[in-house]
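Hello,

Here is the structure I said I would hand over. Please open it and keep it beside this email while you read the notes below.

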Amino acid sequence: MNMSIGELAKKIKDGDRRALAHGITLVESSRADHRQQAVELIEILRHSEFNSIRIGLTGAPGVGKSTFIENFGMMLINCGLRVMVLAVDPSSTWSGGSILGDKTRMEQLSREENAFIRPSPNKTYLGGVARRTREAVLLGQAAGYDITIIETVGVGQSETVVSELSDLFVLLIPPSGGDDLQGVKRGIMELADLVLINKADGDLKSAATYTCAEYAAALRLMRIRVHDPDGFPKAIAISAIEKHGLTDVWLEIKKLCDWRKNNGYWNDRRSSQLRHWFEQEIQRAFMAKLEEHEVSLKFKKFSDEVALGHINPIKAAEQMMTFFE
């Protein structure tokens with residue numbers, strides 16, 4: 001699009017999906033001139049007030065995340081809501097490439113006028129999300145999407161960064177996926193607001209019901225969180241493919257969101273996330289400094305000396321830091 005950043009921002013606020021796609025491409029770019037434009041765009045749009053809900057969703061590959069998102073998203077659209085999906089795909093550590101096939105797995109939802117699906121590569125960024133997912137969430141909010149679903153890479157216990165982007169965190173589990181509750185571990189389970197046991201249909205229905213009961217019991221034993229009402233976090237058995245239990249999930253999400261808003265935790269959480277965003281940007285800026293010519297030469301020198309065993313890593317790091325004083 002050949003337009004100014006101000007014009008792009010206006011089109012995004014008007015709900016132009018093509019402009020939104022262009023804006024996300026801009027914020028994901030690593031080019032210096034694009035980063036300047038992205039910062040300007042975010043500065044214009046950050047004041048866009050909209051009562052959106054950000055849902056983080058994770059689960060192991062094959063658990064049915066795409067099926068859940070498509071049918072859950074269609075249900076939300078039928079309720080008169082606009083849905084944005086940010087699907088993060090893993091990138092190869094060798095080639096850097098990603099498949100980005102989420103749109104093809106959500107064929108019905110991708111055709112909906114009130115839905116926007118954006119696959120993005122994580123480019124080996126840790127935590128289950130892409131480096132600029134946070135900015136994409138902000139653009140979607142400015143574009144007027146009521147619900148933003150952030151689907152993580154889905155590789156395991158590291159999927160926790162999404163909790164710093166979302167208002168609530170949903171974990172999808174397969175029937176008998178726990179095997180003596182191996183899935184209940186400090187970290188991802190402590191962050192989950194809803195644990196959904198998917199594929200509660202056909203021959204797997206009884207296994208899903210049993211798994212749901214196990215997780216419900218385990219969640220009751222975990223430390224009570226002050227920012228949750230009674231009964232949360234909770235486990236629910238669903239069938240994404242048969243669309244069973246999706247209405248219940250939405251009702252529980254609304255109940256939790258309303259409680260947090262009414263008790264002051266909603267704004268506190270978002271303020272904390274903004275603080276975390278700032279800290280992350282400082283870390284990125286510092287790491288970018290290491291790529292500057294003079295600094296990179298110093299960094300390489302210490303790195304080579306560490307590799308040869310001439311200096312220990314802790315001492316080398318301390319001496320490297322003096323370069324910034």
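At 43% relative accessibility, does D248 count as buried, partly exposed or exposed? The model is a predicted one, and D248 sits in helix α10, which covers residues 246-262. Buried is under 20% relative accessible area and exposed is over 50%, with partly exposed in between. D248 has 43%, so it counts as partly exposed. D248 and I238 are ten residues apart along the chain, and their C-alpha atoms are separated by 9.0 Å.

The next item is helix α2. This helix runs over residues 17-28, twelve residues in total. From the first C-alpha of α2 to the last is 17 Å, close to the 16 Å expected at 1.5 Å a residue. Buried in α2 are A19, L20, G23, I24, L26 and V27. Looking down the axis of α2, these buried residues fall within an arc of 155°, so they line one face of the helix. There is a general point to keep in mind here. An α-helix has 3.6 residues a turn, so residues three or four places apart point the same way.

Now the packing of α2. Two packed helices are described by the angle between their axes and the distance between the axes. With helix α3 (residues 32-45), α2 packs at an angle of about 125°, and the axes are 8 Å apart. Helices α2 and α3 are therefore oblique to each other. The crossing of α2 and α3 is left-handed.

With helix α7 (residues 133-142), α2 packs at an angle of about 155°, and the axes are 9 Å apart. That makes α2 roughly antiparallel to α7. Here α2 and α7 cross in a right-handed way.

Last, helix α4, residues 65-78. How far apart should its ends be? The 14 residues of α4 should span 20 Å at 1.5 Å a residue, and the end C-alpha atoms are 20 Å apart, which agrees. Helix α4 is mostly covered, with twelve of its 14 residues buried. Among the buried residues of α4 are F68, I69, F72, M74, M75, L76 and I77, and the list also includes K65, E70 and N71. Just after α4 comes G80, which takes a positive phi of about 90°.

Regards

Conventions:
Residues numbered from 1 in each chain as written. Predicted model: local features only at pLDDT ≥ 70, side-chain atom pairs only at ≥ 80, totals over all residues. Heavy atoms only, no water. Helix = DSSP H or I, 4+ residues; strand = E, 2+ residues; numbered from the N terminus. Expected span 1.5 Å × (residues − 1). Buried < 20%, exposed > 50% of the residue type's maximum accessible area, 1.4 Å probe, protein only. Arc of directions from axis to C-beta. Axes fitted to C-alpha atoms, helices over the stretch in contact; angles between N-to-C directions. Parallel < 35°, antiparallel > 145°, perpendicular 65-115°, else oblique. Left-handed = near helix turned anticlockwise from the far one by under 90°.
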